[in-house]
Amino acid sequence: MKMTESKDEETGEKSGSKTVIYAAIASNLGIAAAKFVVAAITGSAAMAAEGIHSAVDTGNEFLLLIGEHTSAKPADAKHPFGYGKTLYFWALIVALSVFSLGGGLSIYHGIEALRHPEPLQDPMWNYVVLGVSALFEGYSWNVSRRELNKVRKPGTSLWQAVHASKDASVFTVFIEDSAALIGLAIAALGIFLGHLFDNPYFDPAASVLIGLLLVGAAFTLARETGGLLVGESIGPEATRRVRAIFDNDPDIQTVSKLMSMQLGPDEVLLTAAVQFKRGMRIDEVEGAIARLEKAVSDVYPQIQHIYFESGALRSAMH
């Protein structure tokens with residue numbers, strides 16, 4: 001049995017994740033069409049792999065929008081803690097999509113092209129589309145980078161910010177766009193080397209490498225979203241800050257255990273096993289709880305639910 005206190009109002013900062021997703025859709029949709037057209041004209045396997053990559057990314061962004069919409073639904077009797085984790089579910093589906101459709105099809109297409117290489121064609125349009133794609137992908141990547149910088153701590157890298165971020169939409173787009181920019185470089189190198197050495201195998205080999213790159217990106221996404229989906233904590237540093245608030249409160253004797261779980265990008269559940277001072281009246285306990293909630297909210301506004309174990313209250317009133 002537990003006594004619970006919760007904060008109903010939303011206190012987290014408004015996320016820019018939808019802006020990141022819209023920027024990615026706008027970039028990938030046109031790029032995918034251009035890549036497929038040029039791939040059909042030039043017969044480039046690497047360009048076809050890049051077209052697959054951009055098409056899959058476009059579909060993935062729509063999946064993330066579904067996750068964003070569903071996760072914003074208010075709590076109800078069936079889901080008393082809300083639907084925040086559905087965003088992590090859809091991000092995991094995106095990871096599977098990148099692995100199977102993006103990585104798998106690119107590798108398959110590249111292997112088929114290695115078995116039956118096409119004659120080399122004029123690469124000019126390949127370079128034009130790759131250059132334009134790099135500009136659009138760079139724009140989308142920069143939008144997601146700016147959002148990550150909001151949670152990035154001084155002296156840490158962007159990849160450390162990805163690991164620390166709880167907004168699956170933002171770090172999913174960032175990882176996808178990072179893989180896209182690297183893939184564009186691989187495709188350009190494959191096409192360039194193929195014409196430099198008059199060898200038709202460089203281009204399909206680049207397609208296979210792009211596929212392997214996407215498989216790696218998919219595993220990275222699955223690792224990050226999977227941890228959040230099964231119940232990731234706010235982390236040791238944030239937990240230490242919250243514990244210090246409890247330790248410094250005059251009505252708290254001991255803090256046995258604090259446990260947290262991420263319910264969504266801007267929502268955290270915290271359970272507190274503490275011991276209040278003995279002999280406190282119920283109104284004094286209620287005042288102490290309200291004071292602790294306010295102090296915790298000031299330091300970590302995403303903590304919107306705080307649960308106190310009932311043993312702490314029984315010990316205070318005896």
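Asp 249 counts as buried, at 8% relative accessibility; buried means under 20% relative accessible area, exposed over 50%, and partly exposed in between (1.4 Å probe, protein chains only). The model is predicted: local features need pLDDT of at least 70, side-chain atom pairs count only at pLDDT 80 or more, and totals for chains, interfaces and linings use all residues. Residues are numbered from 1 along each chain as its sequence is written, and side-chain values use heavy atoms, with hydrogens and water left out.

Asp 249 forms a salt bridge with Arg 291, the closest N and O atoms being 3.0 Å apart; a salt bridge is a side-chain nitrogen of Lys or Arg within 4 Å of a carboxyl oxygen of Asp or Glu. This pair links distant parts of the chain, 42 residues apart, with Arg 291 in helix H9 and Asp 249 in the loop between H8 and strand S2 (252-264). Helices (H or I, at least four residues) and strands (E, at least two) are DSSP runs, numbered from the N terminus. Arg 291 is partly exposed, with a relative accessible area of 36%.

## Salt bridges

The structure holds 12 salt bridges. One of them joins the side chains of Arg 241 and Glu 237 (3.8 Å, N to O). These two residues lie 4 residues apart in helix H8 and are therefore separated by about one helical turn. Arg 241 is partly exposed at 35% relative accessibility, as is Glu 237 at 38%.

Another salt bridge pairs Arg 281 with Asp 283, with the closest N and O atoms 3.1 Å apart. Asp 283 is partly exposed, at 44% relative accessibility.
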